[in-house]
Amino acid sequence: VFFIINSSNALLSFNIQRYGPRGYNRLDSAISDGLVISMRLKSLSNGLHSPYWILFAKVNHISVYGKTIDARGAGYWSCKKKGGQCPQGAFVSKPDFNLFFSLAILSISFSWCDNVLLSGLTSLNSHNIHVTVHHSSNVGIQNIRIRASSESPNTDGIVVQSSSRVTISWPIIKTGDDCSALDQGSTNIWIERVVCGPGHGIRIKAWARPSGGFVRDVEFRSLIMRNVGNPLIIDQNYCPGRKGCPNQNSGVKISGVTFANIKGTSTTPIAMKLDCSDSNHCTGIRLQNINLTYMRGPSDSHCTNAHGRASGVMVPRNCM
(Lines give C-alpha, C1' and ligand atoms only; values in the text may rest on other atoms or scores of the structure.)
Protein backbone atom coordinates (compact mmCIF):
# COMPACT_ATOMS: atom_id res chain seq x y z
CA VAL A 1 0.00 0.00 0.00
CA PHE A 2 1.44 3.33 -1.03
CA PHE A 3 0.17 6.65 0.32
CA ILE A 4 0.75 10.01 -1.30
CA ILE A 5 0.20 12.49 1.51
CA ASN A 6 -0.22 16.13 0.55
CA SER A 7 2.67 15.93 -1.89
CA SER A 8 1.88 19.04 -3.95
CA ASN A 9 5.24 20.50 -2.95
CA ALA A 10 7.36 17.59 -4.20
CA LEU A 11 8.42 18.50 -7.69
CA LEU A 12 10.92 16.06 -9.18
CA SER A 13 11.03 12.31 -9.60
CA PHE A 14 10.28 9.47 -7.24
CA ASN A 15 10.76 6.05 -8.82
CA ILE A 16 9.86 2.66 -7.42
CA GLN A 17 11.12 -0.24 -9.48
CA ARG A 18 11.56 -4.00 -9.47
CA TYR A 19 9.52 -4.95 -6.46
CA GLY A 20 7.84 -8.30 -7.01
CA PRO A 21 8.26 -8.70 -10.78
CA ARG A 22 6.64 -12.13 -10.59
CA GLY A 23 3.83 -11.02 -8.36
CA TYR A 24 5.01 -12.79 -5.21
CA ASN A 25 6.11 -9.80 -3.17
CA ARG A 26 4.16 -6.82 -1.92
CA LEU A 27 5.31 -3.27 -1.46
CA ASP A 28 3.91 -1.75 1.71
CA SER A 29 5.04 1.81 2.24
CA ALA A 30 3.98 5.33 3.06
CA ILE A 31 5.31 8.55 1.66
CA SER A 32 5.34 12.11 2.93
CA ASP A 33 6.67 15.35 1.50
CA GLY A 34 10.01 14.93 3.21
CA LEU A 35 10.70 11.52 1.68
CA VAL A 36 9.84 12.62 -1.83
CA ILE A 37 11.93 15.75 -1.54
CA SER A 38 14.97 13.93 -0.18
CA MET A 39 14.75 11.39 -3.00
CA ARG A 40 14.43 14.20 -5.50
CA LEU A 41 17.43 16.10 -4.21
CA LYS A 42 19.54 12.96 -4.31
CA SER A 43 18.56 12.35 -7.92
CA LEU A 44 19.36 15.95 -8.78
CA SER A 45 22.77 15.78 -7.15
CA ASN A 46 23.57 12.60 -9.09
CA GLY A 47 22.77 14.36 -12.37
CA LEU A 48 19.88 12.03 -13.13
CA HIS A 49 16.85 13.00 -15.12
CA SER A 50 13.68 11.11 -15.95
CA PRO A 51 10.56 11.95 -17.97
CA TYR A 52 8.57 10.59 -15.02
CA TRP A 53 7.66 12.33 -11.82
CA ILE A 54 6.22 9.37 -9.90
CA LEU A 55 6.89 6.02 -11.53
CA PHE A 56 5.93 2.50 -10.46
CA ALA A 57 7.84 0.02 -12.63
CA LYS A 58 7.61 -3.77 -12.29
CA VAL A 59 5.62 -3.48 -9.08
CA ASN A 60 2.84 -6.01 -8.55
CA HIS A 61 -0.06 -6.10 -6.09
CA ILE A 62 0.05 -2.44 -5.13
CA SER A 63 -2.58 0.01 -3.92
CA VAL A 64 -1.90 3.74 -4.27
CA TYR A 65 -4.06 6.15 -2.28
CA GLY A 66 -3.45 9.80 -2.88
CA LYS A 67 -4.44 13.31 -2.02
CA THR A 68 -3.11 16.09 -4.26
CA ILE A 69 -0.08 16.35 -6.53
CA ASP A 70 0.54 19.59 -8.43
CA ALA A 71 3.16 19.58 -11.22
CA ARG A 72 2.82 23.34 -11.81
CA GLY A 73 3.06 22.94 -15.55
CA ALA A 74 2.23 26.49 -16.68
CA GLY A 75 5.87 27.32 -17.47
CA TYR A 76 6.24 24.25 -19.65
CA TRP A 77 2.94 24.94 -21.47
CA SER A 78 4.07 28.49 -22.18
CA CYS A 79 7.34 27.24 -23.64
CA LYS A 80 5.53 24.73 -25.87
CA LYS A 81 3.09 27.35 -27.15
CA LYS A 82 5.99 29.58 -28.19
CA GLY A 83 7.31 26.75 -30.35
CA GLY A 84 10.67 26.60 -28.63
CA GLN A 85 12.87 23.60 -27.90
CA CYS A 86 11.55 23.00 -24.42
CA PRO A 87 13.44 20.81 -21.95
CA GLN A 88 11.66 17.92 -20.30
CA GLY A 89 9.96 20.26 -17.91
CA ALA A 90 10.42 24.00 -17.72
CA PHE A 91 12.81 25.37 -15.14
CA VAL A 92 10.89 27.20 -12.46
CA SER A 93 11.69 28.61 -9.08
CA LYS A 94 10.46 26.78 -6.01
CA PRO A 95 10.29 29.44 -3.28
CA ASP A 96 10.32 26.98 -0.37
CA PHE A 97 13.92 26.01 -1.16
CA ASN A 98 15.10 28.94 -3.30
CA LEU A 99 16.34 26.46 -5.88
CA PHE A 100 15.56 25.74 -9.52
CA PHE A 101 14.30 22.34 -10.47
CA SER A 102 13.61 20.66 -13.77
CA LEU A 103 10.11 19.24 -13.63
CA ALA A 104 9.32 15.82 -15.05
CA ILE A 105 6.66 15.55 -17.75
CA LEU A 106 4.49 12.59 -16.75
CA SER A 107 2.90 12.96 -13.33
CA ILE A 108 2.20 9.38 -12.21
CA SER A 109 2.92 6.26 -14.24
CA PHE A 110 2.58 2.50 -13.98
CA SER A 111 4.78 0.41 -16.24
CA TRP A 112 4.95 -3.40 -16.36
CA CYS A 113 2.73 -3.69 -13.27
CA ASP A 114 0.04 -6.22 -12.38
CA ASN A 115 -2.85 -5.93 -9.92
CA VAL A 116 -2.85 -2.19 -9.31
CA LEU A 117 -5.34 0.12 -7.59
CA LEU A 118 -5.09 3.91 -7.88
CA SER A 119 -7.74 5.65 -5.78
CA GLY A 120 -8.57 9.11 -4.51
CA LEU A 121 -5.76 11.00 -6.24
CA THR A 122 -6.08 14.62 -7.39
CA SER A 123 -3.60 15.51 -10.13
CA LEU A 124 -3.18 19.16 -11.06
CA ASN A 125 -1.37 20.93 -13.89
CA SER A 126 0.65 18.08 -15.32
CA HIS A 127 3.19 19.12 -17.93
CA ASN A 128 1.95 16.38 -20.21
CA ILE A 129 -0.03 13.22 -19.34
CA HIS A 130 -1.42 13.02 -15.81
CA VAL A 131 -1.78 9.21 -15.44
CA THR A 132 -0.20 6.59 -17.70
CA VAL A 133 -0.66 2.82 -17.69
CA HIS A 134 1.80 0.92 -19.89
CA HIS A 135 2.32 -2.82 -20.35
CA SER A 136 0.21 -3.55 -17.26
CA SER A 137 -2.82 -5.66 -16.39
CA ASN A 138 -5.59 -5.86 -13.81
CA VAL A 139 -5.52 -2.13 -13.10
CA GLY A 140 -8.26 -0.24 -11.28
CA ILE A 141 -8.41 3.57 -11.35
CA GLN A 142 -11.22 5.05 -9.31
CA ASN A 143 -12.43 8.31 -7.83
CA ILE A 144 -9.60 10.42 -9.15
CA ARG A 145 -9.69 14.13 -10.06
CA ILE A 146 -7.62 15.59 -12.87
CA ARG A 147 -7.41 19.27 -13.73
CA ALA A 148 -5.36 21.46 -16.06
CA SER A 149 -6.08 24.55 -18.13
CA SER A 150 -8.25 24.02 -21.20
CA GLU A 151 -5.44 25.73 -23.14
CA SER A 152 -2.71 23.39 -21.86
CA PRO A 153 -1.19 21.29 -24.69
CA ASN A 154 -1.19 17.49 -24.58
CA THR A 155 -2.28 17.26 -20.95
CA ASP A 156 -4.19 14.00 -21.41
CA GLY A 157 -5.96 12.78 -18.31
CA ILE A 158 -5.45 9.00 -18.43
CA VAL A 159 -3.57 7.15 -21.19
CA VAL A 160 -3.59 3.35 -21.47
CA GLN A 161 -1.19 1.57 -23.81
CA SER A 162 -0.30 -2.11 -24.35
CA SER A 163 -2.38 -3.06 -21.30
CA SER A 164 -5.37 -5.26 -20.56
CA ARG A 165 -8.16 -5.55 -18.00
CA VAL A 166 -8.10 -1.89 -17.00
CA THR A 167 -11.14 -0.35 -15.26
CA ILE A 168 -11.58 3.41 -14.90
CA SER A 169 -14.54 4.50 -12.79
CA TRP A 170 -15.90 7.74 -11.35
CA PRO A 171 -13.16 10.11 -12.57
CA ILE A 172 -13.65 13.85 -13.01
CA ILE A 173 -11.33 15.10 -15.74
CA LYS A 174 -10.91 18.71 -16.86
CA THR A 175 -7.92 19.18 -19.12
CA GLY A 176 -6.55 20.50 -22.41
CA ASP A 177 -6.47 17.25 -24.38
CA ASP A 178 -7.96 13.75 -24.20
CA CYS A 179 -9.83 13.00 -20.99
CA SER A 180 -8.89 9.36 -21.45
CA ALA A 181 -7.07 7.78 -24.39
CA LEU A 182 -6.61 4.15 -25.34
CA ASP A 183 -3.45 3.71 -27.36
CA GLN A 184 -2.12 0.71 -29.28
CA GLY A 185 -2.27 -2.71 -27.68
CA SER A 186 -5.14 -1.91 -25.29
CA THR A 187 -7.70 -4.68 -24.73
CA ASN A 188 -10.55 -5.36 -22.31
CA ILE A 189 -10.89 -1.78 -21.07
CA TRP A 190 -13.95 -0.61 -19.12
CA ILE A 191 -14.60 3.10 -18.47
CA GLU A 192 -17.69 4.29 -16.59
CA ARG A 193 -19.24 7.24 -14.78
CA VAL A 194 -16.85 9.75 -16.32
CA VAL A 195 -17.22 13.52 -16.06
CA CYS A 196 -15.16 14.94 -18.94
CA GLY A 197 -14.73 18.57 -19.90
CA PRO A 198 -13.08 20.65 -20.90
CA GLY A 199 -11.13 18.14 -22.96
CA HIS A 200 -11.58 15.71 -25.82
CA GLY A 201 -14.18 13.08 -25.14
CA ILE A 202 -15.64 10.45 -27.45
CA ARG A 203 -13.63 9.87 -30.55
CA ILE A 204 -11.64 7.32 -32.48
CA LYS A 205 -8.74 8.83 -34.37
CA ALA A 206 -5.95 7.58 -36.62
CA TRP A 207 -3.25 9.24 -38.66
CA ALA A 208 -3.71 8.96 -42.44
CA ARG A 209 -0.77 6.64 -43.02
CA PRO A 210 -0.13 2.88 -43.48
CA SER A 211 -0.68 0.66 -40.46
CA GLY A 212 -1.41 -2.95 -39.62
CA GLY A 213 -3.50 -2.00 -36.60
CA PHE A 214 -7.18 -2.28 -35.86
CA VAL A 215 -9.91 -0.93 -33.60
CA ARG A 216 -12.80 -3.27 -32.98
CA ASP A 217 -15.59 -4.14 -30.56
CA VAL A 218 -15.86 -0.70 -28.94
CA GLU A 219 -19.05 0.59 -27.30
CA PHE A 220 -19.99 4.11 -26.23
CA ARG A 221 -23.22 4.02 -24.23
CA SER A 222 -25.49 6.22 -22.10
CA LEU A 223 -23.72 9.54 -22.53
CA ILE A 224 -24.85 13.12 -22.04
CA MET A 225 -23.19 15.91 -24.07
CA ARG A 226 -23.36 19.51 -22.89
CA ASN A 227 -22.17 22.12 -25.40
CA VAL A 228 -19.61 19.83 -27.04
CA GLY A 229 -17.82 20.43 -30.35
CA ASN A 230 -18.15 17.41 -32.70
CA PRO A 231 -19.61 15.23 -29.94
CA LEU A 232 -19.55 11.98 -31.93
CA ILE A 233 -16.58 11.42 -34.21
CA ILE A 234 -14.44 8.85 -36.00
CA ASP A 235 -11.50 10.55 -37.70
CA GLN A 236 -9.10 8.51 -39.82
CA ASN A 237 -7.57 11.64 -41.33
CA TYR A 238 -6.38 13.01 -38.02
CA CYS A 239 -3.86 15.84 -38.32
CA PRO A 240 -3.93 18.56 -35.66
CA GLY A 241 -3.27 22.00 -37.03
CA ARG A 242 -3.18 20.54 -40.55
CA LYS A 243 0.62 20.67 -40.51
CA GLY A 244 2.93 17.83 -41.49
CA CYS A 245 0.00 15.63 -42.45
CA PRO A 246 0.92 12.22 -43.94
CA ASN A 247 -1.80 12.67 -46.61
CA GLN A 248 -2.03 8.93 -47.13
CA ASN A 249 -4.74 6.37 -46.43
CA SER A 250 -5.08 5.11 -42.89
CA GLY A 251 -4.30 1.42 -42.61
CA VAL A 252 -6.17 1.04 -39.30
CA LYS A 253 -9.19 -1.22 -39.69
CA ILE A 254 -12.18 0.00 -37.65
CA SER A 255 -15.10 -2.37 -37.11
CA GLY A 256 -17.81 -3.22 -34.60
CA VAL A 257 -18.18 0.23 -33.03
CA THR A 258 -21.47 1.03 -31.25
CA PHE A 259 -22.82 4.44 -30.27
CA ALA A 260 -25.99 4.03 -28.21
CA ASN A 261 -28.21 6.25 -26.05
CA ILE A 262 -26.25 9.46 -26.57
CA LYS A 263 -27.99 12.81 -26.19
CA GLY A 264 -27.20 16.47 -25.66
CA THR A 265 -26.10 19.65 -27.42
CA SER A 266 -23.37 20.36 -29.97
CA THR A 267 -21.52 23.66 -30.45
CA THR A 268 -20.78 22.69 -34.07
CA PRO A 269 -23.34 22.14 -36.86
CA ILE A 270 -21.81 18.71 -37.59
CA ALA A 271 -22.79 16.78 -34.49
CA MET A 272 -21.81 13.38 -35.91
CA LYS A 273 -18.77 12.87 -38.15
CA LEU A 274 -17.68 9.44 -39.36
CA ASP A 275 -14.64 10.11 -41.57
CA CYS A 276 -13.15 6.75 -42.48
CA SER A 277 -10.25 5.64 -44.65
CA ASP A 278 -10.54 5.31 -48.42
CA SER A 279 -8.62 2.02 -48.35
CA ASN A 280 -10.05 0.62 -45.07
CA HIS A 281 -13.68 1.52 -44.68
CA CYS A 282 -15.32 1.48 -41.24
CA THR A 283 -17.65 -1.51 -41.03
CA GLY A 284 -20.21 -2.81 -38.56
CA ILE A 285 -20.94 0.64 -37.14
CA ARG A 286 -24.12 0.69 -35.05
CA LEU A 287 -26.04 3.83 -34.13
CA GLN A 288 -28.91 3.53 -31.64
CA ASN A 289 -30.96 6.32 -30.07
CA ILE A 290 -28.80 9.33 -30.92
CA ASN A 291 -30.24 12.76 -30.12
CA LEU A 292 -27.67 15.54 -30.58
CA THR A 293 -28.99 19.02 -31.31
CA TYR A 294 -27.10 22.07 -32.55
CA MET A 295 -27.40 25.16 -30.39
CA ARG A 296 -28.06 27.52 -33.32
CA GLY A 297 -30.19 25.44 -35.66
CA PRO A 298 -30.61 21.92 -37.03
CA SER A 299 -27.72 19.56 -36.43
CA ASP A 300 -26.18 17.61 -39.29
CA SER A 301 -23.99 14.57 -39.89
CA HIS A 302 -21.16 13.74 -42.24
CA CYS A 303 -20.02 10.27 -43.30
CA THR A 304 -17.21 9.08 -45.54
CA ASN A 305 -16.64 5.35 -46.14
CA ALA A 306 -18.74 4.42 -43.08
CA HIS A 307 -20.96 1.34 -43.19
CA GLY A 308 -23.42 0.05 -40.63
CA ARG A 309 -26.99 0.39 -39.40
CA ALA A 310 -29.06 2.74 -37.30
CA SER A 311 -32.13 2.25 -35.13
CA GLY A 312 -34.33 4.27 -32.81
CA VAL A 313 -34.18 8.06 -32.59
CA MET A 314 -31.62 9.54 -35.01
CA VAL A 315 -30.79 13.24 -34.62
CA PRO A 316 -28.90 14.17 -36.71
CA ARG A 317 -29.79 11.94 -39.64
CA ASN A 318 -28.07 8.63 -40.31
CA CYS A 319 -25.50 9.35 -43.04
CA MET A 320 -23.99 5.87 -43.38
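Begin by selecting Cys-113, which counts as buried at 3% relative accessibility, where buried means under 20% relative accessible area, exposed over 50% and partly exposed in between, with a 1.4 Å probe and protein chains only. This is a predicted model in which local features need pLDDT of at least 70 and side-chain atom pairs count only at pLDDT 80 or more, while totals for chains, interfaces and linings use all residues. Residues are numbered from 1 along each chain as its sequence is written, and side-chain values use heavy atoms, with hydrogens and water left out.

Next, turn to the disulfides, each a pair of cysteine sulfur atoms within 2.5 Å; by this rule there are three.

Select Cys-179 and Cys-196, whose sulfur atoms lie 2.0 Å apart in a disulfide that is right-handed, with 80° about the S-S bond. This pair links distant parts of the chain, 17 residues apart, with Cys-179 in the loop between strand 16 (172–174) and strand 17 (180–182) and Cys-196 in strand 19 (residues 195–196); strands are DSSP runs (E, at least two residues), numbered from the N terminus. Cys-179 is buried, with a relative accessible area of 3%, whereas Cys-196 is partly exposed at 34% relative accessibility.

Move on to Cys-276 and Cys-282, joined by a disulfide with an S to S distance of 2.0 Å, which is left-handed because the torsion about its S-S bond is about -105°. Both Cys-276 and Cys-282 are buried.

Finally, select Cys-303 and Cys-319, which form a disulfide with sulfur atoms 1.8 Å apart, right-handed with 60° about the S-S bond. Cys-303 is buried at 19% relative accessibility, and Cys-319 is buried with a relative accessible area of 17%.

Definitions and conventions
Helix = DSSP H or I, 4+ residues; strand = E, 2+ residues; numbered from the N terminus.
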